[in-house]
Amino acid sequence: MNRKITLVSGPARSGKSRWAEHLASQTGDKVIYLATGYRDPQDTEWCERISKHQQRRSALWTTTEEMYDICSVIRECDPSCCLLLDSLGSWVANLLEKDEHSWQESVGIFLETLQQCQARIILVAEETGWGVVPAYLLGRSFRDRLGDLVLKTSPVCDVVYLVAAGFILNLSELGKPLITQL
């Protein structure tokens with residue numbers, strides 16, 4: 001893999017994390033797995049999902065759990081490493097209570113940090129807008145913020161993949177960036 005920043009996006013249970021893990025393993029670099037999900041001991045189903053992710057990872061990978069300040073982890077990443085961030089959706093959920101101004105500030109810092117990082121970065125992001133519009137404000141806010149974050153992140157990526165129904169599409173080769181079309 002000769003790309004610096006890669007985005008792997010797709011709906012839930014599509015295989016996007018497995019594809020991102022495969023890409024990371026192909027780099028030959030030391031892999032740092034940045035987990036953004038909150039481990040709630042009361043939520044056994046969620047803990048089982050986290051365990052399945054952990055079991056798939058190489059024992060040689062380093063796992064860092066950071067729910068909020070992912071930019072500090074990105075900044076500290078050695079240029080010879082591959083940083084796999086899974087996932088942007090969990091990060092958005094963790095910061096959902098921020099007001100809109102503070103959220104947009106966080107997005108700006110995140111995008112700037114990505115572009116300054118010398119390490120390979122693989123980002124995993126959920127596509128939440130493929131279903132019904134959530135009936136409650138917090139759900140709509142999450143969907144809108146994540147969609148906007150992915151839309152703003154993809155132009156700074158060298159390659160963008162869509163994983164859906166277990167199939168991988170390289171959107172960088174198949175599509176045209178919307179941002180440059182506006």
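The following dialogue explains how several descriptions of this predicted model are reached.

Colleague: Why is C77 called buried?

Modeller: Buried means under 20% relative accessible area, exposed over 50%, and partly exposed in between, with a 1.4 Å probe and protein chains only. C77 has 8% relative accessibility, so C77 counts as buried. C77 lies in the loop between α3 (70-76) and β4. Helices (H or I, at least four residues) and strands (E, at least two) are DSSP runs, numbered from the N terminus.

Colleague: Which residues does C77 touch, leaving aside those up to four places away in sequence?

Modeller: C77 touches I32, L83 and A119, where contact means heavy atoms within 4.5 Å. The C-alpha atoms of C77 and I121 are 9.6 Å apart, although 44 residues separate the two along the chain.

Colleague: What makes R13 and A165 exposed?

Modeller: R13 has 67% relative accessibility and therefore counts as exposed; A165, at 72%, also counts as exposed. R13 belongs to the loop between β1 and α1, and A165 to the loop between β6 and β7.

Colleague: Which peptide bond is cis?

Modeller: The bond from D86 to S87 is cis, with omega near 15°. S87 is placed in the loop between β4 and α4 (88-94).

Colleague: How do you know that strand β5 is largely enclosed?

Modeller: Of the 7 residues of β5 (residues 120-126), 5 are buried, so the strand is largely enclosed by the rest of the structure.

Colleague: How do you know which strands pair with β5?

Modeller: Two strands pair if DSSP finds at least two bridges between them. Strand β1 (residues 5-10) is joined to β5 by 6 bridges and runs parallel to it, with L7 opposite L123. Strand β4 (residues 81-86) has 5 bridges to β5, also in the parallel sense, and there L84 faces I122.

Colleague: What are the partners of β6?

Modeller: Strand β6 (residues 159-164) pairs with β1 in the parallel sense over 4 bridges, with T6 opposite V159. Between β6 and β7 there are 4 bridges, but this pair is antiparallel, and L162 stands opposite L169.

Colleague: What is the order of the strands in the sheet, and why do β3 and β7 stand at the edges?

Modeller: The open sheet has 7 strands in the order β3-β2-β4-β5-β1-β6-β7, with mixed pairing. β3 (62-65) and β7 (167-170) each have a single partner strand, so one side of each is left without a neighbour in the sheet.

Colleague: Why are helices α5 and α6 called roughly parallel?

Modeller: Angles run from 0 to 180 degrees between N-to-C directions, and axes are lines fitted to C-alpha atoms, for helices over the stretch in contact. Angles under 35 degrees count as roughly parallel, over 145 as roughly antiparallel, 65 to 115 as roughly perpendicular and the rest as oblique. Helix α5 (residues 100-116) and helix α6 (residues 137-153) pack at about 30°, with their axes 11 Å apart; they are therefore roughly parallel to each other. Residues making the contact include W103 and F110 of α5 and R145 and L149 of α6.

Notes. Residues are numbered from 1 along each chain as its sequence is written. This is a predicted model: local features need pLDDT of at least 70, side-chain atom pairs count only at pLDDT 80 or more; totals for chains, interfaces and linings use all residues. Side-chain values use heavy atoms; hydrogens and water are left out.
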